[in-house]
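Please keep the sequence and the structure in view while reading.

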Amino acid sequence: MNHLKAWIDEHFKGDPMIWAIVILLSMFSILVVYSATGTLAYKTAGGNTELYLFRHSFLVFLSLFVMWLAHKMPYRKYALYARLFMYLSIPLLAVTFFFGDNINEANRWLTIPVINQAFQPSDLAKLSLIAALAAMLAKRQNNIEDLTGTLLPIIISIGAICALIGMANMSTAILLLMTCLLIMFIGRVPVKHLALVVMVGLLGLSIALIAGQRLETFISRIESFKESKGDDTKIPFQAEQSYIAIATGGITGKGPGNSDQRNSLPHPYSDFIYSIIIEEYGMVGGAAVLFLYLALLYRGMRIVANSNKAFGGLLSAGLSFALVIQALVNMAVAVGLGPITGLPLPLLSMGGTSLIFTGTALGIILSVSRGDHQDEAVAAESNKVSNRLRTA
């Protein structure tokens, strides 16, 4: 037993609670996605329900492996690559908008030619912008109020990337802008400059709505949500089926694999997987999932409080906020607290390369906790040696 513990301590460093939460949610994802994809498998794979089980399981374990690799790299190195990938993501987003794969009336996907694998450049843009923003703010903490030299490059980067993402995916762009504002607030940016960021961000998103592909969809979803609050007969079909799933789940649910609404609810394995969770596992299961995400946010913010480097703290805060805010928005949509967005539930929804980027983000958070812990250990050991030399 001691050998096993020593092996785990050697190869899985960083916050142990984050490891436990991520592994628990990942294993639960395999179970829920397998249940939710039954109808999809019947329609697209000739009834082969194991097809999506094996595919999703492979991606889940691949994302955990990527997380492990990311946590092994010292987090300071991510500052070197962040701006490079941020600049790379800008032309990728433009190419995607004009030449990408059109799914649900939006060009969000690019297909890698050799391996024939589609991915969303917005995932790369989100991750790289958050890391680059943390690096730029950490580097300029002594000149944080310098509008021209410090904040102007940051504001331009945020406005450009949020606008490019918003042309095809407005909900993701809005969440990214909110995350950037939170990072800047933690990074001691003055409120008057934050107001300028909000103005530039809203201007960029407005231009994206007008020039992009989602104006009609964005307006219709907002109007449908407002109308549904005053008239139950105007509830959108997806929302109605989600409410039925939640209402029939009760306190303890129908049990694993016993969902009925997976046969009528659109995208029960991604956008509305939280509804299937409540239907099969009840309010108890839904509350447990919510608690795990809040615990993940708490552990991420605890890393911020304990971090002895500005870059590490801002990086952990940004990535933690990005993951958990998206999760909370997804759950809010499922229970009727917000308009339909199309955002998946991180770590639980079935996905492709988005799972890999989620694993990378979590690995970076673990790398921050691991790196600061090692710094503290080295400092403590140095102090011990110094004290011994003084008393010798």
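Phenylalanine 99 has a relative accessible area of 66%, and because this is over 50% the residue counts as exposed. The structure shown is a predicted model. Phenylalanine 99 belongs to one aromatic cluster together with Phe97 and Phe98. The points below begin with the aromatic residues, then turn to the chain as a whole, and end with individual residues.

**Aromatic residues**

- A search of the whole structure finds five aromatic pairs.
- One of the five pairs joins phenylalanine 65 and tryptophan 68, whose rings are stacked, with 6.1 Å from centre to centre and 25 degrees between the planes. The pair counts as stacked because planes under 30 degrees apart are classed in that way.
- Both phenylalanine 65 and tryptophan 68 belong to helix α4, which covers residues 50–72. They are three residues apart, which is about one turn of the helix.
- Phenylalanine 65 has a relative accessibility of 44% and so counts as partly exposed. Tryptophan 68, with a relative accessibility of 23%, also counts as partly exposed.
- Phenylalanine 98 and phenylalanine 99 make up another aromatic pair, which is tilted: the ring centres are 6.4 Å apart and the planes stand at 50 degrees.
- Phenylalanine 98 counts as exposed, since its relative accessibility is 58%.

**The chain as a whole**

- The protein chain contains 14 helices and three strands.
- Its radius of gyration is 22 Å, close to the 21 Å that the globule rule gives for 392 residues, so the chain is as compact as a globular protein of that length.
- The C-alpha trace spans about 80 × 60 × 45 Å along its principal axes.
- Of the 392 residues, 49% count as buried.
- The chain exposes about 18,900 Å², and carbon and sulfur atoms supply 66% of this area.
- Among contacts between residues at least 6 apart in sequence, 74% join residues at least 24 apart.

**Buried residues in helices**

- Cysteine 162 is placed in helix α7, residues 147–166. Its relative accessibility is 1%, and it therefore counts as buried.
- Not counting residues up to four places away in sequence, cysteine 162 touches Ala173, Leu176, Leu177 and Leu205.
- Cysteine 162 and isoleucine 251 are 89 residues apart along the chain, and their C-alpha atoms are separated by 40 Å.
- Serine 320 is part of helix α13, residues 310–334. With a relative accessibility of 4%, serine 320 counts as buried.
- Leaving aside neighbours within four places in sequence, serine 320 is in contact with Leu297, Gly300 and Ile365.
- Threonine 353 lies in helix α14, which covers residues 353–391. Its relative accessible area is 16%, and because this is under 20% the residue counts as buried.

- Threonine 353 touches Gln117, Ala118, Phe119 and Gln120, with residues up to four places away in sequence not counted.
- Isoleucine 112 is found in strand β2, residues 107–112. At 32% relative accessibility, isoleucine 112 counts as partly exposed.
- Under the exclusion of residues up to four places away in sequence, isoleucine 112 touches Gln117 and Phe119. Gln117 and Phe119 are also among the residues that threonine 353 touches.

**Positive phi angles in loops**

- Most residues other than glycine have a negative phi.
- Arginine 188 has a phi near 70 degrees, a positive value in a residue other than glycine. Arginine 188 is located in the loop between α8 (170–186) and α9 (191–211).
- Leucine 347 has a positive phi as well, near 75 degrees, and is likewise a residue other than glycine. Leucine 347 lies in the loop between α13 and α14.
- Although leucine 347 is in a loop, its relative accessible area is 10% and the residue is buried.

Conventions. Residues are numbered from 1 along each chain as its sequence is written. This is a predicted model: local features need pLDDT of at least 70, side-chain atom pairs count only at pLDDT 80 or more; totals for chains, interfaces and linings use all residues. Side-chain values use heavy atoms; hydrogens and water are left out. Helices (H or I, at least four residues) and strands (E, at least two) are DSSP runs, numbered from the N terminus. The radius of gyration is taken over C-alpha atoms; the globule rule is 2.2 Å times the number of residues to the power 0.38. Buried means under 20% relative accessible area, exposed over 50%, partly exposed in between (1.4 Å probe, protein chains only). Contact means heavy atoms within 4.5 Å. Accessible areas come from the Shrake-Rupley method with a 1.4 Å probe; for residues, only the protein chains shown count as cover. Rings of Phe, Tyr and Trp (its six-membered ring) pair if their centres lie within 6.5 Å; planes under 30 degrees apart count as stacked, over 60 as edge-to-face and the rest as tilted.
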